[in-house]
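Subject: Structure handover

Hi,

Here is the structure for you to look over. My notes on it follow below.

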Amino acid sequence: VTPSSLASLATSGVQVTIGPFLVHVRSELPPVRQYLETLYADFPVGTDTAAHFDIRVAGSRGMRRWIRPQANLIVNGEQPFLPLPAELGGALFEWTLNFCVSRDAHRFVAMHAAVVEREGRALIISGESGAGKSTLCAALVLAGWRLLSDEFALVDPDTGMLSPLPRPVSLKNASIDIIRRRGPQMVFGPEGIDIENARFVHMKPPLSSVRRASEPATPAVVIFPKWSAGSPTSLARTSRAQVLLRLADQSFNYNYLGVRGFETIADLARRVEGYELEYSDLDDALPRLAGLCDSRARPA
Amino acid sequence: LQREIDVRWSATRGLVWTQFDDSDDWVVFNPFSGDIHLVSASAYALWQLTTSPHPPSSDELIETLAAETRQAASSDFVASAHQTLAFMDGAGLIAPAA
């Protein structure tokens, strides 16, 4: 994505390749253009209109163009959300992509989780919002891990491998300052306030992760993090049955895929080690997580 | 209570059961509801008894389970087995035989 490659963004739109998906995006809103130029600078872009997801972020008409302008989302021809303030246009594109993948990416078993990888072994970070999932993910990426995704674990039912979907990492509230301090060299998008009144910002994914977006990773470890102020780092093994239940609970489509979806997550649970992680200090937690993946690398 | 005494139970067909090497619990997927349940080894043993071609009654199931696990059919055991049957009925793992 470059300023010149976005020439048709406001008219016929552009096609951005994001992991396994082709995304056609159209928008005349400056915040969307700026967002793509800043955070998607390393992604392949073309002018083809073929796409898995067709996303239009359209400005309002009439007086709304000047007074409290809004952004309207049109996804594959449907308008699934109410308009939001135009200045959130870039983030809206990101949230809409989350909506598209969680609703329509049935080629994969899709779970709400962050995924990072080192030395060929992937670490899946699964948890509810607020568990510290994205903070851990961003901190691990800053420590050199490859980013597969901060939102989705996409498991290919045919191979059991994790498909990368490297995109900007979403950070909220206190984690924004933590990650900004740890990665002053990183590029961040505009900071805003979302509809839940939380501060948010997106961090540009590393070029090395974007370049390896077609390289799947082998699942090795699943962690269920819990950030708890002042607590020492603790890691406790979780049974494989619990891994299966909890990953299924975070899956968007295992029941849509039926037996195939269930068996895919069951196979994953059979192949990984699961841990509950409680932590408050990233500098203490990160080496422990590296140790988990490294220990899998050593021959028995 | 009358229903529990008289009803005969039959296992739901098409369930997908799986077990892992670190526990004797079972996990079952019910494709009709889309739900996943964690089931203890003893509950699984009870469920297996409902796969009989001649659907057993609750009392027969509990008697057989007690014999197979060499447990006395104490009131606690019987109450627990009834609870398990109720759970499996609610989860669609078993159903009253036609």
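Why is helix 6 of chain A largely enclosed by the rest of the structure? Of its 10 residues, spanning 240-249, 7 are buried, so the rest of the structure largely encloses this helix. The buried set is Arg240(A), Ala241(A), Val243(A), Leu244(A), Leu245(A), Leu247(A) and Ala248(A). Keep in mind that this is a predicted model.

The largest pocket holds about 1,200 Å³ of space. It is lined by 42 residues, and the closest to its centre are Ser129(A), Glu151(A), Ser170(A), Lys172(A) and Glu196(A). Helix 2 (89-104), helix 3 (133-142), strand 12 (169-172) and helix 4 (174-182) of chain A each supply at least two lining residues. Helix 2 of chain A gives the most, with 7. By class, the lining splits into 19 nonpolar, 14 polar and 9 charged residues.

The second largest pocket has about 180 Å³ of space. Its lining includes Ser40(B), Leu46(B), Gln71(B) and Phe77(B). Helix 2 (41-49) and helix 4 (75-90) of chain B each give two or more residues to this lining. Helix 4 of chain B gives the most, with 4. Here the classes are 5 nonpolar, 6 polar and no charged.

One more item, in chain B. Strand 3 (residues 26-30) and strand 4 (residues 35-39) of chain B run antiparallel, joined by 5 bridges. Phe29(B) has Ile36(B) in strand 4 as its bridge partner. The two strands form a hairpin with 4 residues between them. In the turn, Gly34(B) has a positive phi of about 80°.

Best wishes

Methods. Residues numbered from 1 in each chain as written. Chains lettered and ligands numbered in written order. Predicted model: local features only at pLDDT ≥ 70, side-chain atom pairs only at ≥ 80, totals over all residues. Heavy atoms only, no water. Pairing = 2+ DSSP bridges. Buried < 20%, exposed > 50% of the residue type's maximum accessible area, 1.4 Å probe, protein only. 1 Å grid on protein atoms, 1.4 Å probe; cavity = no way out; pocket = protein on both sides within 12 Å on 5 of 7 lines; lining within 4 Å. Points joined across faces, edges and corners; volume = space filled by probe spheres on them. Nonpolar A, V, L, I, M, F, W, Y, C, P; charged D, E, K, R; others polar.
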